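Please keep the sequence and the model at hand while reading.

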Amino acid sequence: MRKDIQISLVNRRGTVTFGREGFLLHEIDTGASILTDGITAGREVTLSAYILPTGADAAERARQMENLARRVRRIVTDADGFTLTVGDRSILLCAKRAPVFAHEAPLNGDEVCLFTVHARAKNASASYFSAVADTVSVGRGFQGRLVFPIAITPAMRFGEAVAAGSFSVENAGDVPCGFIATVTAHSGDIDSFTLRAESGEEISLIYPLPKGKSLVIDTRPGKKSVTADGVPILSALTWESAFFTLAPGESRLDFSCTGGGSAVVSVRVTPLYH
């Protein structure tokens, strides 16, 4: 692992960033996803680090040591878990036990102490690291009409809204993952919408969407939903619909709609890594 990669533990109860405030990472083992019939069934992570207080005297160092050690305990033992971030990837963990602090000198004094964190993936069925930053791809129901050489006339048509289109989506991760698709009615109202994968799987809805309004399709495991203005509209799905995922690499998505308008489709992907 490169030395310049930032590693941190964070949740609502605090943040520990190694290389700052007296926290120095000693060793980390991020483990690997445990697979059962190709499906993740857990992951175990272990890390150890030093606390090096910077107080001018023994009393001040002891106070700092206590405060920093308590911060580690608060974060790691929180019932909601904590996020381990390694560079541009992160995973939600929960502690297997409270942080283990060294009990033998010299690693248990007021100048330095060593602690070890034993944790496992909070969600055993999705024990991947996820990218910190999402990728976004956009498809538009628009067809250009310009023909070269150009002759500018009052009747010139630069393009027109169309009811169908296709676009590429990149999954930069190691494994198939779900996505969030935001569908916005453009140039008019929409009566129905279909998003189709190269495999033939599709998500199809019969739902009136006025011009300028949007609906959101979420195919991520454990979060599958379809909403409009935050209200669930799963009943709008047709019987053949399936919440498909995107394979690693580039995928081609086709979309179409009915009604008087066209659609703009924005697909957000959070890549996952073993």
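Glu202 and Arg196 form a salt bridge in which the closest N and O atoms are 2.8 Å apart. The model in which this pair is found is a predicted one. Glu202 is buried, because its relative accessible area of 14% falls under the 20% that sets the limit for a buried residue. Arg196, with a relative accessible area of 30%, is partly exposed.

**Salt bridges**

Side chains of opposite charge can pair when their charged atoms come close. The structure holds eleven salt bridges. Three of these pairs are set out below.

| Salt bridge | Closest N and O atoms |
|---|---|
| Glu202 and Arg196 | 2.8 Å |
| Arg220 and Asp218 | 2.7 Å |
| Asp88 and Arg89 | 3.8 Å |

The partners can also be described by their accessibility. Asp218 is buried, with a relative accessible area of 7%, whereas Arg220 counts as partly exposed at 25% relative accessibility. Asp88 counts as exposed, since its relative accessibility is 52% and the term applies over 50%. Elsewhere, salt bridges link Arg12, Arg13, Asp78 and Asp80 in a network.

**Strand β17**

Strand β17 comprises residues 190-196, and Asp191 is found in it. Thr194 lies in strand β17 as well. Is Thr194 buried or exposed? Thr194 is buried, with a relative accessible area of 12%. The side chains of Thr194 and Ser204 are joined by a polar contact of 2.9 Å. When residues up to four places away in sequence are not counted, Thr194 touches Glu202, Ile203, Ser204, Asp254, Phe255 and Ser256.

Asp191 counts as partly exposed, with a relative accessibility of 44%. Leaving aside neighbours within four places in sequence, Asp191 is in contact with Ile206, Tyr207, Pro208, Thr258 and Gly259. How many residues separate Asp191 and Thr258 in sequence? They are 67 residues apart in sequence, while their C-alpha atoms are 5.4 Å apart in space.

**Helix α1**

Helix α1 covers residues 58-76 and has 19 residues. From its first C-alpha to its last it reaches 27 Å, close to the 27 Å expected at 1.5 Å a residue. The buried residues of α1 are Arg61, Met65, Leu68, Ala69, Arg71, Val72, Ile75 and Val76. Seen down the axis of α1, these buried residues fall within an arc of 150°, and therefore they line one face of the helix. The N-terminal end of α1 is capped by Asp57, a side-chain oxygen of which lies 3.2 Å from the backbone nitrogen of Ala59.

In soluble globular proteins, nonpolar side chains tend to be buried together. The largest nonpolar core of this model has 30 residues, and the members that touch the most others are Leu9, Phe18, Ile51, Leu84 and Phe115. Several elements each supply at least two residues of this core, including β1 (7-11), β3 (23-29), β6 (44-51), α1 and β10 (113-121). Which element gives the most to this core? Helix α1 does, with six residues.

Apart from this core lies another, of 29 residues, among them Phe179, Phe255, Cys257 and Ala263.

Phe115 shows how residues from several parts of the sequence come together. Leaving aside its neighbours within four places in sequence, Phe115 is in contact with Phe18, Phe23, Leu47, Ser48, Ala49, Ile51, Val72, Val100 and Phe101. Val72, one of these contacts, is a buried residue of α1.

**A loop residue**

Lys96 is found in the loop between β8 and β9 (100-101). With a relative accessibility of 36%, Lys96 counts as partly exposed. The side chain of Lys96 makes a polar contact of 3.2 Å with the side chain of Glu44. Not counting residues up to four places away in sequence, Lys96 touches Glu44, His118, Ala119 and Arg120. Lys96 and Thr135 are 39 residues apart in sequence, and the distance between their C-alpha atoms is 33 Å.

Terms used. Residues numbered from 1 in each chain as written. Predicted model: local features only at pLDDT ≥ 70, side-chain atom pairs only at ≥ 80, totals over all residues. Heavy atoms only, no water. Helix = DSSP H or I, 4+ residues; strand = E, 2+ residues; numbered from the N terminus. Expected span 1.5 Å × (residues − 1). Buried < 20%, exposed > 50% of the residue type's maximum accessible area, 1.4 Å probe, protein only. Arc of directions from axis to C-beta. Polar contact = N/O pair within 3.5 Å; in protein donor to acceptor, adjacent residues only side chain to side chain. Core = buried A, V, L, I, M, F, W, Y, C linked by side-chain atoms within 4.5 Å. Contact = heavy atoms within 4.5 Å. Salt bridge = Lys/Arg side-chain N within 4 Å of Asp/Glu carboxyl O.
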